[in-house]
Amino acid sequence: MKANLDPFSNPDSTKVRLEDILIQLKEYASDADLDLVRKAYIFGSKAHEGQKRSSGDPYMTHPLCVALLLAEMRMDVATVVTGLLHDTVEDTLVTIEEIETLFGEHIKELVDGVTKLSKIKFSSREARQAENFRKMFMAMAADIRVIIVKLADRLHNMRTLDFLSAQKRHRIATETLEVYAPIAGRLGIQEMKIELEQVAFKNLKPEVWKKIESEMLSLKKANRNFIEEVQDMLNKELQEHSIAADVQGRYKHHYSIFRKMEAQNLDFDQVYDIIGFRVLVDDLAACYTALGLIHSLWRPVPGRFKDYVGMPKLNNYQSLHTTVIGPHGHRVEFQIRTKNMHEVAEWGVAAHWRYKEKSGMHQKDEMKFRWLRQFMEWQRDVSDPAEYLDIVKLDLFATDVYVFTPKGDIREFPRGSTPIDFAYSVHTDVGHHCVGARVSGRIVPLRYELKSGDTIEIITRADHQPSKDWLKFAKTSSARSKIRHFIRKQQRDRAKSIGRDILEKEFSRFGAEPKKELKSNQFNKFLSSRGISSEEELMAQLGYGKLTPRQVVSSVLPAEQMNEVSEEPAQTTLAKIFKRATKKSKGVVRVQGMDDILVTIGRCCSPIPGDSITGFVTRGRGVTVHRTDCSRSLSLDPERRIDVEWDGRTENRSTARVKMLCQDKPGMLAAISKEITNHKVNISSANCRSVGDSKAVNTFELGVSSVQVLNKLMSSLEKLSGVISVDRVVS
């Protein structure tokens with residue numbers, strides 16, 4: 001099985017024919033219902049008639065390419081048919097009921113699972129995106145083929161990304177890198193994951209891509225015979241020991257190299273294991289024999305051996321990994337696996353997924369997707385779209401740390417997890433009361449990063465409570481969500497207490513009995529008119545500053561009673577706060593269409609015009625504006641959120657922070673400063689420091705007018721000789 005997943009081959013979509021799909025199906029499914037496929041093609045063609053892609057091609061070329069990808073992955077007929085129909089409900093007048101009538105409930109469920117929620121109105125693009133992902137994962141949990149169709153759909157869209165605007169390319173490429181590529185990795189579809197990463201990386205950081213591409217061409221030219229040399233040496237050794245094997249040489253892909261350079265502050269020529277080899281053998285015993293022979297030929301690098309055969313990854317990936325000092329002193333990585341393991345490693349769930357007539361997951365396969373069930377459980381009680389998207393992005397990355405409970409049970413966590421994550425995985429109360437941990441008998445702080453093989457025992461104290469600081473080092477979404485929930489509950493309780501206090505004082509000021517008035521019909525009418533569900537919710541809104549006590553009192557008490565009290569006496573605490581927080585000057589941000597509210601830009605994420613933003617009511621400081629993806633804002637109560645938008649009428653400059661990793665050499669800082677000046681951008685502050693190994697990290701605060709100006713500047717900075725990476729600091 002080999003699908004056409006050649007990165008950047010960008011095959012001509014207009015040349016894909018229905019016959020190509022039918023030929024593929026015949027190769028692996030002789031009993032396939034080809035008439036059903038033909039029927040879906042005809043139906044889809046009529047539904048999309050007259051529609052065009054951004055490239056100008058007929059729209060039906062896209063479903064054809066998606067269906068062909070699915071056929072090349074050897075998916076069943078129902079999945080291929082879904083590929084042909086996947087956009088009909090979303091982009092045409094076709095209804096899901098028509099799909100069921102013509103193609104049956106089975107295919108209807110698949111098409112419905114793939115269809116976005118495009119016909120439902122949401123309060124924001126963020127809310128729409130969150131609900132689309134939530135629906136996709138629910139459908140994915142019911143039938144894994146839903147996400148395989150989505151991945152094929154995304155892959156073809158990425159291959160035709162050049163026809164979209166720069167803003168759309170950036171948004172789609174970011175989403176692909178944060179969500180879809182990790183999903184492909186979780187499902188073990190490595191070939192698809194790599195291409196999605198490659199195309200996204202090329203669009204997000206084109207200048208860095210060009211640098212790595214140039215370096216790769218030079219490396220391949222300099223090492224033209226190296227791969228053949230290693231293959232010959234190993235093949236000879238394997239043959240002498242009667243081990244049948246296929247030795248394949250390869251180069252790391254660009255995005256993988258970039259991530260290593262950035263994570264370890266390396267130049268390209270300091271990434272030593274760019275060349276790697278796969279050794280495919282016939283059986284399990286031969287894997288370990290081949291490993292021993294490789295170690296006999298070349299010296300292994302300590303700490304670089306991983307046995308994913310004995311302890312497979314969550315996506316069922318199995319392989320032996322080792323790095324050695326090969327010929328000419330080059331570091332070389334070997335991956336040793338059987339041919340069956342290789343099929344799963346490259347194609348994951350698509351390599352072995354077979355459905356009976358009525359569909360469904362075979363019992364033996366269910367354990368391979370236990371991460372998905374856990375994923376769904378952690379999301380169940382998360383209603384805030386921003387937090388939900390944060391969880392999606394956090395949880396999709398594969399776990400690779402394995403630790404033990406005191407009873408010897410094994411648990412898996414993302415790299416960088418701490419005792420806090422372990423504690424919350426045991427029980428919410430254990431997490432809330434955690435004060436420390438013993439790792440293999442040794443007491444460690446809560447910031448300690450778990451390592452594979454650790455045995456963890458949590459130390460608790462009944463009077464201990466979570467701290468907001470825990471969010472800085474809690475890694476799993478489960479722990480972070482529970483910490484946020486506790487903090488928000490504390491904030492809400494405090495807000496309700498403040499709200500009740502200021503409302504009772506306002507009623508008393510007008511000679512009214514607070515308890516009596518809060519039970520009156522007028523009070524209930526006020527709640528109903530505002531869409532407020534309960535007295536408790538009202539108190540919270542008062543405490544957060546989203547309502548003033550005067551608004552409540554004036555709606556409940558008779559007008560003559562209100563007029564008896566002079567307007568001059570001391571205002572309520574909250575009224576004073578709002579007076580201080582009101583400002584008649586125009587700003588770069590408008591709050592729900594108003595111009596007279598004090599707005600503070602959050603320094604944690606420093607949003608600039610063009611960024612997607614949200615506001616939070618802050619007592620005493622008006623409204624604080626954050627980027628929608630700001631991690632700090634996720635700990636704030638969603639009830640304090642308020643709609644804000646950039647005011648296009650203003651020309652104010654905003655501050656953006658940019659971090660650069662570059663070579664530490666004379667003239668480097670001058671070249672960077674000159675480039676920034678050439679873009680007419682002001683440097684308000686700079687922090688430049690050497691980090692050793694002839695590298696420097698420079699962090700600049702820049703005054704820019706829009707995110708477009710910032711992106712253009714960052715692209716130019718990436719072109720400078722000696723610059724390794726340029727990133728915006730968002731939180």
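Start by selecting serine 725: this residue is buried, with a relative accessible area of 4% (buried means under 20% relative accessible area, exposed over 50%, partly exposed in between, with a 1.4 Å probe and protein chains only). Before going on, note that this is a predicted model, where local features need pLDDT of at least 70, side-chain atom pairs count only at pLDDT 80 or more, and totals for chains, interfaces and linings use all residues. Numbering runs from 1 along each chain as its sequence is written, and side-chain values use heavy atoms, with hydrogens and water left out.

Now show strand S21, residues 723–729, which holds serine 725 (strands are DSSP runs of E, at least two residues, and helices are runs of H or I, at least four, numbered from the N terminus).

Next, jump to glutamine 231 in helix H12, residues 226–240. Its side chain reaches the backbone oxygen of valine 247 at 3.1 Å. Draw a C-alpha distance to glycine 249 as well: 7.5 Å separates glutamine 231 from that residue, 18 residues apart along the chain.

Last stop, the largest nonpolar core, with 79 residues (a set of buried Ala, Val, Leu, Ile, Met, Phe, Trp, Tyr and Cys residues joined through side-chain atoms within 4.5 Å). Leucine 196 is one of the members that touch the most others. Another core, of 25 residues, lies apart from it; pick out Cys287 and Val309, which are among its residues.

Conventions:
A polar contact is a pair of N or O atoms within 3.5 Å; within protein, one must be able to donate a hydrogen and the other to accept it, and residues adjacent in sequence count only if both atoms are side-chain atoms.
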